[in-house]
Amino acid sequence: MTTGAQTPSHPTRPRRSRLRTFLPLGVAAWLVLEIWLLTVVAGASSGLVVFLLLVAGVVLGSLVIKRAGRRAFRNLAETLQQQQSGTAPTARPNSEGNGLMMLGGLLLIIPGPISDALGLLLLLPPVQKAVGRTAERTVERKLREAAPGTLGDAFRQSRIHRPDGKVVQGEVIRDDDRPSGTPRPPLTH
């Protein structure tokens, strides 16, 4: 098919971002460091202590995720109930940080002393507030920098509130020749 436009003889590939270049290397280094630290702890104490640490991390992480999930669901239910009754939702002092608590619980479940330390840090309220503010600023900056027609533009459009509730009127037109009410033929290969 010819469109009249010249196709380049050797198309250039877009450059990979630094994150896509170094993320696999960082994950591999993190895994090697976690395994090495577990072997150091096992050498300093015993394999039973390492096993108990791993089990304690899974149990504690599961409890944290369960608690944060219940709290998030309860907050959602209260907000929906307030909206249905016609009152404005009130701000609750402990309603933020559920996502970071779940992330902390997930890091506790992942075996390894570094992920456990990061998970325990994320359970501290001052750390949650600092990480939450940083993440919010980063997301807002990325959305402002996003070019039109990208995923960022879709997020920006979804945040627009239209109180007038405009509806586009339309009509359904069928293109098939069969009379209405007759069944469609079965689908074949």
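**Overall make-up.** I began by noting that the model is predicted, and I then looked up its secondary structure, which comes to six helices and zero strands. Following the chain along its sequence, I wrote the pattern down as α-α-α-α-α-α. I also checked burial, and found that 13% of the 189 residues of the protein count as buried.

**Helices H2 and H3.** I next turned to helix H2, which covers residues 47-85, and helix H3, which covers residues 98-109, and found that they pack at an angle of about 165° with their axes 7 Å apart. Since angles over 145 degrees count as roughly antiparallel, I recorded H2 and H3 as therefore roughly antiparallel to each other. The crossing in which H2 passes H3 is left-handed.

I then looked up the second largest pocket, for which I noted a volume of about 170 Å³. Its lining includes Leu38, Val41, Leu53, Leu54, Gly57, Leu108, Pro113, Asp116 and Leu120. When I asked which elements give two or more residues to this lining, I found helix H1 (18-44), H2 and helix H4 (113-122). H2 gives the most to the lining of this pocket, with five residues.

Technical notes: Residues are numbered from 1 along each chain as its sequence is written. This is a predicted model: local features need pLDDT of at least 70, side-chain atom pairs count only at pLDDT 80 or more; totals for chains, interfaces and linings use all residues. Side-chain values use heavy atoms; hydrogens and water are left out. Axes are lines fitted to C-alpha atoms, for helices over the stretch in contact, and angles run from 0 to 180 degrees between N-to-C directions. Helices (H or I, at least four residues) and strands (E, at least two) are DSSP runs, numbered from the N terminus. Angles under 35 degrees count as roughly parallel, over 145 as roughly antiparallel, 65 to 115 as roughly perpendicular and the rest as oblique. A crossing is left-handed if the near helix is turned anticlockwise from the far one by less than a right angle, and right-handed if clockwise. On a 1 Å grid over the protein atoms alone, a cavity is a set of points where a 1.4 Å probe fits but cannot get out, and a pocket is an open set with protein on both sides within 12 Å along at least five of seven lines; lining residues have an atom within 4 Å of a point. Grid points are joined across faces, edges and corners, and a volume is the space filled by probe spheres set on the points. Buried means under 20% relative accessible area, exposed over 50%, partly exposed in between (1.4 Å probe, protein chains only).
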